[in-house]
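The following paragraphs walk through a structure, starting at one residue and widening to the whole chain.

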Amino acid sequence: MVLFCENRKVCRNVRIAHFLDETPRPCDRNSSAVCDICASEKDCALYGKGSGWKTDNAFRLVQQLILDNVLEERE
Ligand SMILES: [Zn+2]
């Protein structure tokens, strides 16, 4: 249950179908009835664009954005 709630990548309908041993059917992105995961992907044009990046490169990008004052570092 914790993994289901903390999931931020896989469509909730797919997760539930796997749990119930049914054929997974992800949300229809053109529908207004999508799970929160698919809705967040639908709303953000940049969602997942860096998913193929190596962690080191993503870290360097964040560091550079902090140095350029695009992002703010907080404790
Ligand atoms: Zn979904």
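Glu75 sits in the segment that follows helix α4. In this predicted model, Glu75 has 2 other C-beta atoms within 10 Å; a residue counts as exposed at 12 or fewer, so Glu75 is exposed. Between Glu75 and Phe59 there are 17 Å from C-alpha to C-alpha, at a separation of 16 residues in sequence.

Burial requires 20 or more other C-beta atoms within 10 Å, and the number of α4 residues that are buried is 0, so the helix lies largely in the open. Just after α4, the backbone at Asn69 takes a positive phi of about 60°.

The view can now be widened to the protein. Its secondary structure consists of 4 helices and 0 strands, in the order α-α-α-α from the N terminus on. The radius of gyration is 16 Å, whereas the globule rule gives 11 Å for 75 residues; the value is well over the rule, so the protein is more spread out than a compact globule. Along the principal axes, the C-alpha atoms fill a box of roughly 50 × 25 × 25 Å.

Of the 75 residues in the protein, 4% are buried. Among contacts with a separation of 6 or more, 22% are between residues 24 or more positions apart.

Methods:
Residues are numbered from 1 along each chain as its sequence is written. This is a predicted model: local features need pLDDT of at least 70, side-chain atom pairs count only at pLDDT 80 or more; totals for chains, interfaces and linings use all residues. Helices (H or I, at least four residues) and strands (E, at least two) are DSSP runs, numbered from the N terminus. The radius of gyration is taken over C-alpha atoms; the globule rule is 2.2 Å times the number of residues to the power 0.38. Two residues are in contact if their C-beta atoms, placed from the backbone, lie within 7 Å.
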